[in-house]
Structures are given as structure tokens and as C-alpha cells.
Amino acid sequence: MIKQAIIPLAGLGTRLLPLTSVFAKELLPINGKPGIEYILDECIEAGIKEVIFIISKKKMMIKKYFYNDMFYKKIIKQKKDLRLINEYKKILKYKKMIKFVFQDKPLGTGDAVLKAKRFIKDKYFLMLLPDDLITKKNCSKSMIAIHKKFNSPVMASMKVDKNEVSRWGIYDIKKKIDNKNFLIKSVVEKPSINKSPSNNAVIGRYILPKTIFSKLKKLKPGKGGEIHITDAIQSLINDKDHFIAHNFSGKYLDCGTMNGYIKSTLEIAKI
């Protein structure tokens, strides 16, 4: 079973400026709850026991959020507020799961994942990108079920507008497994509209093999001067590894842009 998850959090959050000039985007409230807690709750429901946060020194407020014990103890002693007591208990539960790793230069998601190598114990692990929220159905749980069935790496996917392919990792289908699952032929990071193999996009949920670390270590910077997880995945596919694209059933919310963040708050408020 998949018991560990990696969550890269060291990104600068430039698409959410000016908010992120003083605040970590992952702590911005979505309907009164920090975005990162939705990701953690998804992990817990999917059976994850340990989560590795990859942060930078500029994002130390994320660690402080989970380690602000003195503040809670003092205010709970003064006010004895049941809501605060329950919030503190919830944060303590999260804290027991979390390990912190540092990525001090923004060299891409692949580089961030590589920083967590020493903590990964099992053959496979889950990775989640915090900008991508998937509501109504637990995407990670569905992917773990597919992984268990086929003993294969899995990536969440959905179709996107052809004019937006340059925002995503885009894959080409080798073989249809069933209505929701496809064997991947190739994957490319943020292709131009003219060179995109399809409009099938990889969304921020991955079940990856531990063997990806050796590929990441050898990779040279790709598009934008960053190390991309998609390039390492393509290298594994070239070695005949099978990757499955899973069209998830939940509702996708993009929290990485200002417009998406506002829409996500409104959408989650309806649930």
C-alpha cells in the first residue's frame, strides 16, 4: 500500500501576488480553511501515514503554522474556547504526520521531489501539488486503488482546452484500458499548442516509483531552467515502465491563480 506522500511547497506563488508577497499561498484560506489542510485531509482519507513537506526558508511560516504550540496553549488557557481546542487538536494530528525538507532554490518540482529521497521507504509513493484541489471524490484514494490493481505508477488526468495545453504536462495515449484509465505513450512538459500531442493533461496527483530518483538525479534542467517530474517520467517510459493516466471523477479546482483561487473559494462554499 501507499503510505507516504510528498507535497512540494517551496514555490514562490508569483501568480497570486501581491498576496504571496507576505503570505504562503498554501495557507491562504479557502472558505475559512487553509488550502494545505484540504490536501492533508485527502491524504489521510486515502490511508497516507506520513507526509513530506518540501519548503524553502522563505516559507517557514508553513512550519510555524503546525508548530505554534505555545500560542495555542496560552490562548486556550485564557479563553477555554471549544472551537480553538478542536482546531489545535486537528493541527496536532497533522503535525504527527509531517516531516520537513528544504529546497532553497526554485529549481522545479522534480528537484523538490529529489530532496525527499532519503525519507522514502517503499517502492511507490504519492505526490500531490497543492495548487490543484479535487473535491467531491478523493482522487488519491481512487489512484491508489488503480495502482493496487495494476501494480503500476498512476497520474491523475483530465482533458483541457487546446488553447491551454502550454500550462500543463500533456500526455499521448498508447492504449485504452477502460473508460477512465489509459496507458501512457509519452508525456511532455508545457508544450506549445502546435506541438502538443493531445489535450490530455496531467493534474497534480502522482503515484511514482522510487526508481524515479535515479532519473531525477541525472536530469538536466528543461523548460524554464527547471527539473521537471514529467521529464523523469518520460525517461522511465523510455525504459519500458508502464504509467497509467487516470481520469478522476471529482471536481477540479485551480487554486494557483488569483481568478482560480476566488472561484475555488466560491465553489467549496457550496459544498
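**Pockets and a helix, explained**

Me: How much space lies in the largest pocket of this predicted model?
Reply: About 1,000 Å³ of space lies in the largest pocket.

Me: Which residues line the largest pocket nearest its centre?
Reply: The lining has 39 residues, and R15, T109, L129, D131 and K190 lie nearest the centre. Two or more lining residues come from each of α5 (109-115), β11 (200-209), α8 (229-238) and β13. β11 gives the most, with four residues.

Me: What makes D131 and K190 count as lining residues of the largest pocket?
Reply: A lining residue has an atom within 4 Å of a pocket point. D131 and K190 are on the list of lining residues, so each of them meets that cut-off.

Me: How do you know that the length of α9 agrees with what a helix should span?
Reply: Take 1.5 Å a residue: the 13 residues of α9 (258-270) should span 18 Å. The end C-alpha atoms are 19 Å apart, which agrees.

Me: Why are G260, Y261, S264, E267 and I268 called buried?
Reply: Buried means under 20% relative accessible area. These five residues of α9 are listed as buried, so each falls under that cut-off.

Me: What makes the buried residues of α9 line one face?
Reply: Seen down the axis, they fall within an arc of 130°, so they line one face of the helix. In general, an α-helix has 3.6 residues a turn, so residues three or four places apart point the same way.

Me: What covers that buried side, and which exposed residues does the face turned away carry?
Reply: The cover includes β2, α1, β7 and β13. The face turned away carries K263, L266 and K270.

Technical notes
Residues numbered from 1 in each chain as written. Predicted model: local features only at pLDDT ≥ 70, side-chain atom pairs only at ≥ 80, totals over all residues. Heavy atoms only, no water. Expected span 1.5 Å × (residues − 1). Buried < 20%, exposed > 50% of the residue type's maximum accessible area, 1.4 Å probe, protein only. Arc of directions from axis to C-beta. Contact = heavy atoms within 4.5 Å. 1 Å grid on protein atoms, 1.4 Å probe; cavity = no way out; pocket = protein on both sides within 12 Å on 5 of 7 lines; lining within 4 Å. Points joined across faces, edges and corners; volume = space filled by probe spheres on them.
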